[in-house]
Amino acid sequence: MSAIGTGILRIPKEAKKGEVIRVQMVITHPMEPGTRKDAQGNIIPAHHLTKIAVSYNNREVTTINMGGAPSTNPFFAVTALADQSGTIRIDYEDNKGGKWSKEAEIKVT
């Protein structure tokens, strides 16, 4: 099992200028909502992602504010307009202070 916060980011390596691309990510995270109980009947403490921010060459594409509803190891996908070569970055954090980021390069022709 991967460490909490490990992310897999998938984007096209290349795109044509003006093309809409798909930015996809899977994040290793338990996504505990704080309402489930363990085998002994104790509530499992909440531990979930709270924010995911997607940027393209340091310009915000979107920010997702969330709680514990998504499943374990959530998958996210958003679209972006490929207007120039550069970096797509995803920053994400959880309710216990964890902060991570993942980035990938895209070439636009």
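# A guided tour of an all-strand chain

The protein chain contains zero helices and eight strands; here helices (H or I, at least four residues) and strands (E, at least two) are DSSP runs, numbered from the N terminus. This is a predicted model, in which local features need pLDDT of at least 70 and side-chain atom pairs count only at pLDDT 80 or more, while totals for chains, interfaces and linings use all residues. Residues are numbered from 1 along each chain as its sequence is written, and side-chain values use heavy atoms, with hydrogens and water left out.

## Stop 1: the whole chain

From the N terminus on, the elements run β-β-β-β-β-β-β-β. Along the principal axes, the C-alpha atoms fill a box of roughly 60 × 25 × 20 Å.

Next, display the surface. The accessible surface comes to about 6,500 Å², and 49% of this belongs to carbon and sulfur atoms; the areas come from the Shrake-Rupley method with a 1.4 Å probe, and for residues only the protein chains shown count as cover. Of the 109 residues, 34% count as buried. Buried means under 20% relative accessible area, exposed means over 50%, and partly exposed lies in between (1.4 Å probe, protein chains only).

A contact means heavy atoms within 4.5 Å. Among the contacts with a separation of 6 or more, 58% are made by residues 24 or more positions apart.

## Stop 2: the open sheet

Select strands S2, S8, S7, S4 and S5. These five strands form an open sheet in the order S2-S8-S7-S4-S5, with mixed pairing. Two strands pair if DSSP finds at least two bridges between them. Strands of a sheet pair through backbone hydrogen bonds, either parallel or antiparallel.

Which strands stand at the edges? They are strand S2 (14-15) and strand S5 (59-65); each has a single partner strand, so one side of each is left without a neighbour in the sheet.

Now keep S4 and S7 in view. Their pairing is antiparallel and extends over seven bridges. Select Val 54 to find one of the paired positions: its bridge partner in S7 is Ile 90.

Ser 55 counts as buried because its relative accessibility is 13%. Not counting residues up to four places away in sequence, Ser 55 touches Glu 60, Val 61, Thr 87, Ile 88 and Arg 89.

## Stop 3: strands S3 and S6

Select S3 and S6. These strands pair in the antiparallel sense over seven bridges. Within the pair, Val 23 stands opposite Val 78 in S6.

Show the side chains of S6 and compare its two faces. Phe 76, Val 78 and Ala 80 make up the covered face, whereas Phe 75, Ala 77, Thr 79 and Leu 81 make up the uncovered one.

## Stop 4: the nonpolar core

Select Ile 21, Val 23, Leu 49, Ile 52, Ile 88, Ile 90 and Ile 106. These are the residues with the most contacts inside the largest nonpolar core, which has 23 residues. Two or more residues of this core come from each of S3, S4, strand S6 (75-81), strand S7 (86-94) and strand S8 (99-108). A nonpolar core is a set of buried Ala, Val, Leu, Ile, Met, Phe, Trp, Tyr and Cys residues joined through side-chain atoms within 4.5 Å.

Centre the view on Ile 106. Leaving aside residues up to four places away in sequence, Ile 106 touches several residues, including Ile 11, Pro 12, Ile 21, Tyr 56 and Ile 88.

## Stop 5: the loop between S3 and S4

Select His 29, which is found in the loop between strand S3 (20-27) and strand S4 (49-56). Is His 29 buried or exposed? His 29 counts as buried because its relative accessibility is 1%. Apart from neighbours within four places in sequence, its contacts include Ile 4, His 47, Asp 94 and Trp 100.

Move on to Met 31, also placed in the loop between S3 and S4. Met 31 has a positive phi of about 50° although it is not a glycine, and at 3% relative accessibility Met 31 counts as buried.

Gly 34 has its place in the loop between S3 and S4, and at 23% relative accessibility Gly 34 counts as partly exposed.

## Stop 6: Asn 58

Finally, select Asn 58 in the loop between S4 and S5. Asn 58 has a positive phi of about 65° although it is not a glycine. At 76% relative accessibility, Asn 58 counts as exposed.
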